[in-house]
Amino acid sequence: MPPRPAGMVLGWSPGFCASSIEKSGDEIVGVHTSAGFVRTDTVICCAGAWSRSVGEMAGTALPVTPVRRQIAVTEPVSVLPERFPMTLDYSSTFYFHREGPGLLFFGMSPDEEPGFHTRTDDRWLSGLAEAVSVRAPALADVGIAHTWAGLYEVTPDHDALIGEVWGVSRFLYACGFSGHGFLMGPAVGEVVRDLYLRRQPFVDVSAMSTDRFVAGATRSELHII
Ligand SMILES: Cc1cc2nc3c(=O)[nH]c(=O)nc-3n(C[C@H](O)[C@H](O)[C@H](O)COP(=O)(O)OP(=O)(O)OC[C@H]3O[C@@H](n4cnc5c(N)ncnc54)[C@H](O)[C@@H]3O)c2cc1C
C-alpha cells in the first residue's frame, strides 16, 4: 500500500492520470489513477481544460469548457527592434511579441467550436493575416515558421474557479483560468496552499467560488485574451 499523502493535487504530475475518486459517503478516501490507488482524504483539482471531468468524479460541477487557441511563430523579423513590448490589439485580440529572432502571433477565432481538438488550421491563419494587415501592415509579408494550438479552459464568465466544495470533504479546485492561468499561477498557488491549510489567503477569493453561478453573481471578464 503506497504511503497516504496529506492531499492530492490532480493536474500536477505529468503522465499521472486520475480515473475516479472513491468516497465513503461525502468523505474522499482515495483516488484511482494510472499508477494505482492512492489513499487520500483531500483532492485539489488543477486539471485545466479537463477539470469538468475531475469535478464529476467527485460529484460536483466545475463548468470548464475546452476551447482551442492557436499560435504562429514567424521567420526572423528585422523590421522591428530586438526588444519591444508585447503589443495587443483589443479589437481583434491579435497580439505579438518577440520569440527568438522571430515573432509570436496570437489571435482568437470568434467562432471557435468548444472541444479538445488541437490541430492548427489555415482558416485561422487567414483571419490572423487580416488582423496583421490592419494593425501591423509592416508585418503582413513575414513568413510563418510554425504553428501550434493549445486549449483555453473557459468558464461561463471567463474567470477562474478557486475554492472548496462543501458537500464533499475535502475537494478543492483551482481551474478554469480561461486563458490567463500563467498570469495568475504564482498567486493562485499561495491561495490554494492557504485554503488547504484552512488559513485566510492574502487575498479574498470567495467571489471565485463556483457558488457564483448558483447565486447568479457571475463575474465579468471583458478583456480576456
Ligand atoms: C495558445 C495559448 C496562449 C495562452 N497565453 C496565455 C498568456 O499569455 N498568459 C496567461 O496567463 N495564460 C495564457 N494561456 C493560458 C494558460 O496556458 C492556462 O491558463 C494555464 O496553462 C492553465 O494552467 P493549469 O495548471 O490550470 O492547467 P494546465 O496547464 O492545462 O494543466 C492541467 C494538467 O492536468 C492534467 N490532467 C488532466 N486530467 C487529469 C486527470 N484526470 N488526472 C491527473 N491529471 C490530469 C493535464 O494533463 C495537465 O497536465 C494560454 C493558453 C493557450 C492555449
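This is a predicted model: local features need pLDDT of at least 70, side-chain atom pairs count only at pLDDT 80 or more; totals for chains, interfaces and linings use all residues.

Trainee: Which residues belong to domain 1 and domain 2?

Mentor: The domain assignment gives 8–64 + 157–214 as domain 1 and 65–154 as domain 2. Taken over C-alpha atoms, the centres of domain 1 and domain 2 are separated by 31 Å.

Trainee: What does the protein chain come to in secondary structure, and what share of its residues is buried?

Mentor: The chain has four helices and twelve strands. Of its 225 residues, 27% are buried. Along the principal axes, the C-alpha atoms fill a box of roughly 60 × 40 × 30 Å. Among contacts with a separation of 6 or more, 64% come from residues 24 or more positions apart.

Trainee: How should I read a sheet, and what is the strand order in the open sheet of five strands?

Mentor: The general idea is that strands of a sheet pair through backbone hydrogen bonds, either parallel or antiparallel. Here the open sheet of five strands has the order β7-β8-β9-β6-β10, and the pairing is antiparallel. β7 (87–89) and β10 (144–154) stand at the edges with a single partner strand each, so one side of each is left without a neighbour in the sheet. On average, and with direction ignored, neighbouring strands of this sheet are turned by 20 degrees against each other.

Trainee: Which helix packs on this sheet?

Mentor: Helix α2 (residues 122–135) does so, touching β6, β7, β8 (94–99), β9 (102–106) and β10. The direction of α2 makes about 85 degrees with that of β8.

Trainee: How many bridges join β6 and β10?

Mentor: Strand β6 (residues 65–74) pairs with β10 over ten bridges, in the antiparallel sense. Within β10, Ala149 is the bridge partner of Gln70. β6 also pairs with β9, again in the antiparallel sense, over three bridges. There Ile71 stands opposite Phe106 in β9.

Trainee: What joins β8 to β9, and which residue of their hairpin takes a positive phi?

Mentor: Five bridges join β8 to β9, and these strands run antiparallel. Glu99 stands opposite Gly102 in β9. The hairpin has two residues between the strands, and Gly100 takes a positive phi near 60 degrees.

Trainee: What is the order of the strands in the open sheet of four strands?

Mentor: The order is β1-β5-β12-β11, with mixed pairing. β1 (8–10) and β11 stand at the edges, each with a single partner strand, so each has one side left without a neighbour in the sheet. Neighbouring strands here are turned by 15 degrees against each other on average, direction ignored.

Trainee: Which strands of this sheet run parallel, and which run antiparallel?

Mentor: Strand β5 (residues 43–45) runs parallel to β12, with three bridges between them. Cys45 has Tyr173 as its bridge partner in β12. β11 and strand β12 (residues 171–175) run antiparallel and are joined by five bridges. Glu164 has Leu172 as its bridge partner in β12, and a hairpin joins β11 to β12 through five residues. α3 lies across β5, β11 and β12, at about 170 degrees to β12.

Trainee: Why is strand β11 largely enclosed by the rest of the structure?

Mentor: Four of the five residues of β11 (residues 161–165) are buried, so the strand is largely enclosed.

Trainee: Finally, how many residues surround the ligand, and which elements give two or more residues to the shell?

Mentor: There are 23 residues around the ligand, the closest being Gly11, Gly48, Gly150, Gly181 and Phe182. The elements that give two or more residues to the shell are β6, β10 and α3 (181–196). The shell divides into 16 nonpolar, six polar and one charged, and draws at least three residues from each of domain 1 and domain 2.

Notes
Residues are numbered from 1 along each chain as its sequence is written. Two strands pair if DSSP finds at least two bridges between them. Axes are lines fitted to C-alpha atoms, for helices over the stretch in contact, and angles run from 0 to 180 degrees between N-to-C directions. Two residues are in contact if their C-beta atoms, placed from the backbone, lie within 7 Å. A residue is near a molecule or strand if its C-beta atom, placed from the backbone, lies within 6 Å of it. Ala, Val, Leu, Ile, Met, Phe, Trp, Tyr, Cys and Pro count as nonpolar, Asp, Glu, Lys and Arg as charged, and the others, Gly among them, as polar. Domain bounds come from an automatic or database domain assignment. A residue is buried if 20 or more other C-beta atoms lie within 10 Å of its own, exposed if 12 or fewer, and partly exposed in between; C-beta atoms are placed from the backbone.
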